[in-house]
Amino acid sequence: MAISASMVKELREMTGAGMMDCKKALTNTDGDMDKAVEWLRENGLAKAEKKAGRIAAEGIVAVKVSDDGKKASIVEVNSETDFVAKNEVFQGFVASVASQALSTAAGDITAFMAEPWAEDSSVTVEENLKNMIAKIGENMNIRRFAKMDAPGGMIVPYIHAGGKIGVLVSADTDSTADEVKVCLKDVAMQVAALSPKYTSKDEVDQDFIEKEKEVLLTQAKLEKPDADEKIINGMVMGRINKELKEICLLDQVFVKAEDGKQTVSQYVQAVGKQIGADIKLNGFIRFETGEGLEKKEEDFAAEVAAQLG
């Protein structure tokens with residue numbers, strides 16, 4: 001019978017075995033899931049079977065920046081417990097994953113997991129992960145990675161709480177002065193604390209804005225049913241602009257601003273003017289450990305905000 005990708009995925013999740021091993025097992029057992037699991041066991045390919053079914057929602061985020069500061073990677077690797085996340089062996093493994101992500105040509109996590117492990121090309125990334133699961137004794141998952149390039153400037157990283165949040169900030173700049181690095185580190189901490197969705201308003205999808213207008217228009221009419229159209233539209237646009245200031249990094253009020261009014265954009269411009277340099281923020285990446293997974297709720301953003309204050 002034909003072996004579908006969903007069948008391979010299901011078997012992989014059940015056993016922790018590699019994708020090609022799962023496909024081979026299903027092929028050899030004519031698609032029988034139970035027999036495929038047994039085949040993997042018999043061939044020593046399901047060592048992490050029991051562990052693979054457990055939720056891995058802890059872990060850490062790690063970053064790797066190239067020596068010239070123009071390329072960087074960020075990864076999230078999950079474990080079952082925070083105890084293991086603090087383990088030196090686990091942290092060393094995650095650092096190696098980040099190093100490999102910096103040089104990978106893989107376009108997604110599936111391709112990344114299938115490529116040879118840089119420190120031992122006799123195994124794949126996925127196979128090495130299974131070895132680590134067996135060594136550490138609990139389920140682990142390389143959940144995601146991303147890369148960033150800044151050929152016209154630099155990338156500055158920030159890690160909060162030992163890897164609970166990781167941020168990369170990219171800027172075009174003609175300066176490598178320490179003041180620029182400090183500025184971008186401040187911005188990275190802002191990203192960690194307030195979790196913006198966009199760098200600037202230019203990135204916001206127009207469909208998103210139109211949908212928000214529809215929702216806010218309905219709300220405004222309910223609040224002021226007797227108001228004329230001009231007042232209603234004014235209310236809607238005011239709320240749209242307020243929301244954009246909250247989700248767009250450059251328009252957010254800079255947390256460390258002494259006057260409580262200076263925006264991130266104004267802060268960056270002020271630093272550039274002070275040292276005679278051009279600095280243009282052009283992007284960020286923010287990973288928070290366990291986002292969207294079942295885990296205990298912890299307000300890491302509030303921690304960073306307190307640190308900034």
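**Entry 1: a glutamate to begin with**

Which residues does Glu 212 touch, not counting residues up to four places away in sequence? I looked it up and found Ile 240 and Glu 243, where contact means heavy atoms within 4.5 Å. Glu 212 is found in helix H10. I also checked Arg 239, 27 residues along the chain from Glu 212, and the C-alpha atoms of the two are separated by 9.5 Å.

**Entry 2: ground rules**

I noted that this is a predicted model, in which local features need pLDDT of at least 70 and side-chain atom pairs count only at pLDDT 80 or more, while totals for chains, interfaces and linings use all residues. Residues are numbered from 1 along each chain as its sequence is written, and side-chain values use heavy atoms, with hydrogens and water left out.

**Entry 3: the overall count**

I listed 13 helices and 8 strands for the protein. Helices (H or I, at least four residues) and strands (E, at least two) are DSSP runs, numbered from the N terminus. Of the 309 residues, 46% are buried; buried means under 20% relative accessible area, exposed over 50%, and partly exposed in between, with a 1.4 Å probe and protein chains only. I then took the contacts between residues at least 6 apart in sequence, and 63% of them join residues at least 24 apart.

**Entry 4: H10 against H11**

Back to the helix that holds Glu 212. Helix H10 (residues 206-223) packs with helix H11 (residues 229-247) at an angle of about 130°, and their axes are 9 Å apart. Axes are lines fitted to C-alpha atoms, for helices over the stretch in contact, and angles run from 0 to 180 degrees between N-to-C directions. H10 and H11 are therefore oblique to each other: under 35 degrees counts as roughly parallel, over 145 as roughly antiparallel, 65 to 115 as roughly perpendicular and the rest as oblique.

On the H10 side I wrote down Phe 208, Leu 216 and Leu 217, among others, and on the H11 side Ile 232, Val 236 and Ile 240 are among them. By class, the residues of the contact of H10 with H11 are 11 nonpolar, 2 polar and 6 charged. For the classes, Ala, Val, Leu, Ile, Met, Phe, Trp, Tyr, Cys and Pro count as nonpolar, Asp, Glu, Lys and Arg as charged, and the others, Gly among them, as polar.

**Entry 5: the sheet S1-S2-S5**

Next I traced an open sheet of 3 strands in the order S1-S2-S5, with antiparallel pairing. Two strands pair if DSSP finds at least two bridges between them. S1 and S5 stand at the edges with a single partner strand each, so one side of each is left without a neighbour in the sheet. The twist averages 15° from one strand to the next. Helix H6 (residues 88-103) packs on this sheet and touches S1, S2 and S5; its direction makes about 140° with that of S2.

The S1-S2 hairpin has 5 residues between the strands, and Gly 69 in the turn has a positive phi of about 70°.

On to strand S5 (residues 140-149), which is joined to S2 by 9 bridges. Glu 76 has Arg 144 as its bridge partner in S5, and Ser 73 stands opposite Lys 147.

**Entry 6: the sheet S6-S7-S8**

I traced another open sheet of 3 strands, ordered S6-S7-S8 with antiparallel pairing. Its edge strands are S6 and strand S8 (279-288), each pairing on one side only. Helix H9 (residues 178-194) packs on the sheet, touching S6, S7 and S8, and its direction makes about 45° with that of S6.

Strand S6 (residues 153-160) has 6 of its 8 residues buried. 8 bridges join S6 to strand S7 (residues 165-173); Ile 155 stands opposite Ser 170. In the S6-S7 hairpin, 4 residues lie between the strands, and Ala 161 in the turn has a positive phi of about 55°.

**Entry 7: H9 against H12**

Last, I followed H9 to helix H12 (residues 264-275): they pack at about 175°, with axes 10 Å apart. H9 and H12 are therefore roughly antiparallel to each other. The contact includes Val 180 and Cys 183 of H9 and Tyr 267 and Val 271 of H12.
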